[in-house]
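Here's a quick tour of one protein chain, stop by stop. Keep the picture open and find each residue as we go.

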Amino acid sequence: MKPLLLQIFTWWNGQTIGTRFHTWRFGERVGADEFGNVYYRTKGGVKDKALGIQRRWVVYNGEAEASKIPPGWNGWLHHTVDVAPSEERYEPREWQEPHQQNWTGTALAYRPQGSTLAGGHRPPATGDYEAWTPGR
């Protein structure tokens, strides 16, 4: 019962009833990413008459957070690239790290040494800083 109520009354938890119906009626599944987000486009690649381009959308797995979308899928959603990541074979370079969502504002946010939120102590000033004074 709770998932049904969430779909009716919230837009930030996955998809709404309207999105589910629209996806069922007009959508064609293109693929999914490692976070469980599912990507769709209009059936048969039909272009939207109002936009002049094919509609593409994502149904988030859980909370709707745009930073959860990996770079390849982001490029496809925004029509930067024409080929979806599920339709091509891409091997990341050894120096590339896996995509992470933006953790700002959460307990997992980056807190450098000396940050008041990190709980550590700020390193002492080294004396190499001279304050700027206007007109000097």
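## Meet D33

Leaving aside residues up to four places away in sequence, D33 touches Y39, K68, P70 and W73, where a contact means heavy atoms within 4.5 Å. Before we go on, note that this is a predicted model, in which local features need pLDDT of at least 70, side-chain atom pairs count only at pLDDT 80 or more, and totals for chains, interfaces and linings use all residues. Residues are numbered from 1 along each chain as its sequence is written, and side-chain values use heavy atoms, with hydrogens and water left out.

So where does D33 sit? You'll find D33 in the loop between β1 and β2. (Strands are DSSP runs of E with at least two residues, helices are runs of H or I with at least four, and both are numbered from the N terminus.) D33 counts as buried because its relative accessibility is 9%; the cut-offs are under 20% relative accessible area for buried, over 50% for exposed, and partly exposed in between, using a 1.4 Å probe and protein chains only.

The side chain of D33 makes a polar contact with the side chain of Y39, at 2.6 Å. A polar atom of the D33 side chain also lies 3.1 Å from the backbone nitrogen of G36. (A polar contact is a pair of N or O atoms within 3.5 Å; within protein, one must be able to donate a hydrogen and the other to accept it, and residues adjacent in sequence count only if both atoms are side-chain atoms.) Then there's P70: it is 37 residues from D33 along the chain, yet their C-alpha atoms are separated by 7.6 Å.

Strand β1 covers residues 27-32 and pairs with β2 in the antiparallel sense over 5 bridges; two strands pair if DSSP finds at least two bridges between them. Together β1 and β2 make a hairpin with 5 residues between them, and G36 in the turn has a positive phi of about 90°.

On to β2 itself, residues 38-42: 5 of its 5 residues are buried. β2 also pairs with strand β3 (residues 56-59), again in the antiparallel sense, over 4 bridges. Look for Y40, which stands opposite W57 in β3.

## Salt bridges

How many salt bridges are there? The count is 4, taking a salt bridge as a side-chain nitrogen of Lys or Arg within 4 Å of a carboxyl oxygen of Asp or Glu. In one of them, R41 joins E28, with the closest N and O atoms 2.8 Å apart. That pair links distant parts of the chain, since R41 is in strand β2 and E28 is in strand β1, 13 residues apart. R41 counts as buried at 18% relative accessibility, whereas E28 is partly exposed at 27%.

R55 and D48 also meet through their side chains in a salt bridge, 2.6 Å from N to O. Here R55 is partly exposed at 38%, while D48 is buried at 18%. Another salt bridge brings together the side chains of E91 and R89, at 3.5 Å from N to O, and both of these residues are exposed. Salt bridges with shared partners also join E28, R41 and E87 into one network.

Q54 lies in the loop between β2 and β3. Is Q54 buried or exposed? Q54 is buried, because its relative accessible area is 14%. A polar contact of 2.9 Å joins the side chains of Q54 and R56. Not counting residues up to four places away in sequence, the residues that Q54 touches include R41, V46 and H79.

H79 is in the segment after α3 (71-77). Most residues other than glycine have a negative phi. H79, though not a glycine, has a positive phi of about 60°. At 30% relative accessibility, H79 counts as partly exposed.
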